[in-house]
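Subject: The structure we talked about, with notes

Dear colleague,

I am handing over the structure below, and after it you will find my notes on what turned up. Please read them with the model open beside you.

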Amino acid sequence: MANLFAGLESLGLKIKKDINVFEQDKKEERQAAQGETKPKEISEESLLFDKTHKCPVCDSEFKCKMVRTGKAKLVSQDMDLRPKYQGIDPLKYDAILCPVCGYASLNRYFNFVMSSQAKQIKEQISSTFKYTSENGKTYSYDEAITRHKMALLNTVVKRGKVSERAYTCLKLAWLFRGKREVMMQGEYSKEEAKALYEEEKECLKNAHEGFVAAFSQEEFPMCGMDQYTVTFLVAELSRRIGEYEEAKRWVSKVLVARDANRRIKDKALALKESLQSGGAE
């Protein structure tokens, strides 16, 4: 091959006579074909940061791990609206827990505590609360579940909205599901997997009961969701707990609604088809 770079020696450069203009590209193509070029894996730790919070019950300042906004990539969504992300399960980081007094809540509700509620929390939780964090760089599913259980307990003690209790139960169900899915990627016992499934289902039953009750007691938006999103969610929760006729009634409300958005109507159609074919997963 002719030396395309002939003459550049006059500029003081030492040019190899056998340089191939496209050799590097060909090498990279060969590596890609052989699977030698692998995409960089996203670590869970890299998507987190420590955020400082001030407890509205005891005024203590503390830090907890949060997911960096916009960094986690959504890859799919379960039928009951549980989001699934690449490299991390952000659901593990949605419950904020004060390590001093035991007050805990989902992130969206954390700062909203009345003095009468704080009094109940101090009397029924703080008086005996003792907490030791795992102190890891990330939260395990077990720690996340504990934090969400504390959030649920606090909503009961402070007599939080029915929808808040239902939403916290739903988040707990998703965590049990996430733990079971990760566990089943390796060696696991069928007994433990079944136990996690049963715990998930119990949380789904409570979430279903709460959202149904909230429909007649609260206004929309509810937990950040509009009326038809919650209607669809109740339909899907009904299906998951085996209440298929009830699921059909709720999903029909979405399908006949003129102002329901296209995204939720498409999900409702998919749910209707599932129910017609038997309903089971």
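Which residues does arginine 177 touch, if those up to four places away in sequence are not counted? Before the reply, please keep in mind that this is a predicted model. Arginine 177 is found in helix H4, which covers residues 162-183, and there it touches Asp78, Asp80, Arg82, Glu200, Leu204 and Arg240. Its relative accessible area is 4%, so arginine 177 is buried, the cut-off for that word being under 20%.

Because its relative accessibility is 8%, histidine 53 counts as buried, and, leaving aside neighbours within four places in sequence, histidine 53 is in contact with Ser60, Glu61, Phe62, Cys64, Met66, Ile96 and Phe110.

Next come the nonpolar cores. The largest of them has 46 residues, and those with the most contacts inside it are Tyr167, Leu170, Phe211 and Met225. Two or more residues are given to this core by each of helix H3 (141-157), H4, helix H5 (190-215), H6, helix H7 (244-255) and H8, and H4 gives the most, with 11 residues. Apart from this core lies another, of 26 residues, among them Cys64, Tyr93, Cys98 and Tyr139. As for methionine 225, its contacts, with neighbours within four places in sequence left aside, are Leu81, Tyr167, Phe211, Phe220, Val230 and Leu233.

A pair of helices also deserves a careful look. Two packed helices are described by the angle between their axes and the distance between the axes. Helix H6 (residues 227-240) packs with helix H8 (residues 262-276) at an angle of about 20 degrees, and their axes are 10 Å apart. Since angles under 35 degrees count as roughly parallel, H6 is roughly parallel to H8. The crossing of H6 and H8 is left-handed. Where they meet, H6 brings Tyr228, Thr229, Phe232, Ala235, Glu236 and Arg239, while H8 brings Arg263, Ile264, Lys267, Ala268, Leu271, Ser274 and Leu275; by class, this contact has 7 nonpolar, 2 polar and 4 charged residues.

From valine 234, glutamate 246 is 12 residues apart in sequence and 9.1 Å apart in space, C-alpha to C-alpha.

Finally, some notes on the backbone. Most residues other than glycine have a negative phi, and most peptide bonds are trans. Phenylalanine 220 and proline 221, however, are joined by a cis peptide bond, with omega about 5 degrees, and proline 221 has its place in the loop between H5 and H6. Aspartate 59, although not a glycine, has a positive phi of about 70 degrees; this aspartate 59 sits in the loop between E1 and strand E2 (61-67), and it is exposed, with a relative accessible area of 53%. Asparagine 135, also not a glycine, has a positive phi of about 60 degrees and lies in the loop between helix H2 (115-126) and H3, where, at 68% relative accessibility, asparagine 135 counts as exposed.

With best wishes

Definitions and conventions:
Residues are numbered from 1 along each chain as its sequence is written. This is a predicted model: local features need pLDDT of at least 70, side-chain atom pairs count only at pLDDT 80 or more; totals for chains, interfaces and linings use all residues. Side-chain values use heavy atoms; hydrogens and water are left out. Helices (H or I, at least four residues) and strands (E, at least two) are DSSP runs, numbered from the N terminus. Buried means under 20% relative accessible area, exposed over 50%, partly exposed in between (1.4 Å probe, protein chains only). Contact means heavy atoms within 4.5 Å. Axes are lines fitted to C-alpha atoms, for helices over the stretch in contact, and angles run from 0 to 180 degrees between N-to-C directions. Angles under 35 degrees count as roughly parallel, over 145 as roughly antiparallel, 65 to 115 as roughly perpendicular and the rest as oblique. A crossing is left-handed if the near helix is turned anticlockwise from the far one by less than a right angle, and right-handed if clockwise. Ala, Val, Leu, Ile, Met, Phe, Trp, Tyr, Cys and Pro count as nonpolar, Asp, Glu, Lys and Arg as charged, and the others, Gly among them, as polar. A nonpolar core is a set of buried Ala, Val, Leu, Ile, Met, Phe, Trp, Tyr and Cys residues joined through side-chain atoms within 4.5 Å.
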